[in-house]
Amino acid sequence: MKCYHVDAFAEKVFEGNPAAVCVLDKYPSDELMLKIAIENNLSETAFAVKEGENYHLRWFTPGGEIDLCGHATLGTSYVLFHFFEKDAESITFHTLSGPLTVVRKGDLLEMDFPAYKLKQIPVTPEMDAAYGVKITEAWLGRDLLCVTEDADAVPTMTPDHSKLAALDGLLQHITAKGDNYDCVSRSFCSKLAVPEDPVCGSGHCHIVPLWAKKLGKNNIAARQVSPRGGTLYCEMQGERLTMAGSAVLYSIADLFVEE
């Protein structure tokens, strides 16, 4: 089994968010896919199987299967465009979050994703304690999204992961208004055995709708300020959004695994 290691939302290797990508003739068992994800020890391993003109796509974290992952979708698209569908201008994936289409846009790959509906919830002392910074707003979709006014603290914060895991939401994000970008953020996934997601596409399905509303604009340039860092160019389109970024190949490996 071939396994491609791609840095997504990156302009060179060692940036952005690494994802493993396996393109298969058919799916192995869920147990084996989870074992591969655990062995890869990345935030996501993607498994793609061609179905007619499109692909079926699944994402596994070391903690289990997840319903939406942006960077691994970007990484899978990179692999397919470069090795399997070299003449294609777009690829459609069937996923747990419905159909997702990725198109070439010059040097970028642009993904069409659903936007999560957010409900504002009260800020609690537990949120301040978990992130280690003052939280001014809290919103809940699939994930918890917390807002701070201290943008300078976001890149350097050292959250308490056990306390983050006790908060609402599958993932926990923190965001602030940016200077050189519309917003900055970080994403934490303690419940999925991933302390931090370096650049989180599904997280921006929460972050971008919030900042589009706050800033009164549809086009949002977002920067994830994790130690690796990555940039996402996003546009709100009703209840969906497009999310564009670049990717680079780090390695291709042969996996010696059997059912």
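## Starting at Pro 209

If you skip its neighbours within four places in sequence, Pro 209 is in contact (heavy atoms within 4.5 Å) with Ala 115, Tyr 116, His 204 and Met 236. Pro 209 sits in helix 5. Helices here are DSSP runs of H or I with at least four residues, strands are runs of E with at least two, and both are numbered from the N terminus. Pro 209 counts as buried because its relative accessibility is 16%. The cut-offs are these: buried is under 20% relative accessible area, exposed is over 50%, and partly exposed is in between, using a 1.4 Å probe and protein chains only. Ala 244 is 35 residues away from Pro 209 along the chain, and their C-alpha atoms are separated by 15 Å.

A word on what you're looking at: this is a predicted model, where local features need pLDDT of at least 70 and side-chain atom pairs count only at pLDDT 80 or more, while totals for chains, interfaces and linings use all residues. Residues are numbered from 1 along each chain as its sequence is written, and side-chain values use heavy atoms, with hydrogens and water left out.

## The whole chain

Zoom out, and you can count five helices and 18 strands in the chain. The C-alpha trace spans about 50 × 35 × 30 Å along its principal axes. How does the radius of gyration of the chain agree with that of a compact globule? For 259 residues such a globule would have a value near 18 Å, and the chain has 17 Å, so the two agree. That radius is taken over C-alpha atoms, and the globule rule is 2.2 Å times the number of residues to the power 0.38.

Of the 259 residues, 56% count as buried. Take the contacts in the chain with a separation of 6 or more: 62% of them are between residues 24 or more positions apart.

In soluble globular proteins, nonpolar side chains tend to be buried together. Here the largest nonpolar core has 55 residues, and Phe 9, Trp 59, Phe 113, Leu 241 and Met 243 touch the most other members. A core of this kind is a set of buried Ala, Val, Leu, Ile, Met, Phe, Trp, Tyr and Cys residues joined through side-chain atoms within 4.5 Å.

Not counting residues up to four places away in sequence, Met 243 touches Phe 9, Phe 113, His 204 and Leu 232, among others. His 204 lies in helix 5, which covers residues 201–215, and it counts as buried because its relative accessibility is 0%. Over in strand 12 (residues 172–177) you'll find Ile 174, also buried at 0% relative accessibility. Beyond four places in sequence, the contacts of Ile 174 include Cys 146, Val 154 and Phe 188.

## A pocket and a cavity

Where does the largest share of the lining of the largest pocket come from? The answer is helix 5, with three residues. The pocket holds about 220 Å³ of space, and its lining includes Trp 139, Pro 209, Leu 210 and Lys 213. On a 1 Å grid over the protein atoms alone, a pocket is an open set of points with protein on both sides within 12 Å along at least five of seven lines, a cavity is a set where a 1.4 Å probe fits but cannot get out, and lining residues have an atom within 4 Å of a point.

The largest cavity has a volume of about 70 Å³. A volume is the space filled by probe spheres set on the points, which are joined across faces, edges and corners. The cavity is lined by 16 residues, with Glu 44, Ile 66, Leu 171, Cys 189 and Asp 197 nearest its centre.

## Two positive phi angles

Phe 14 isn't a glycine, yet it has a positive phi of about 75 degrees. You'll find Phe 14 in the loop between strand 1 (2–8) and strand 2 (17–24). Is Phe 14 buried or exposed? It is exposed, because its relative accessible area is 59%.

Ala 193 has a positive phi too, near 65 degrees. Ala 193 lies in the loop between strand 13 (183–189) and strand 14 (194–197).
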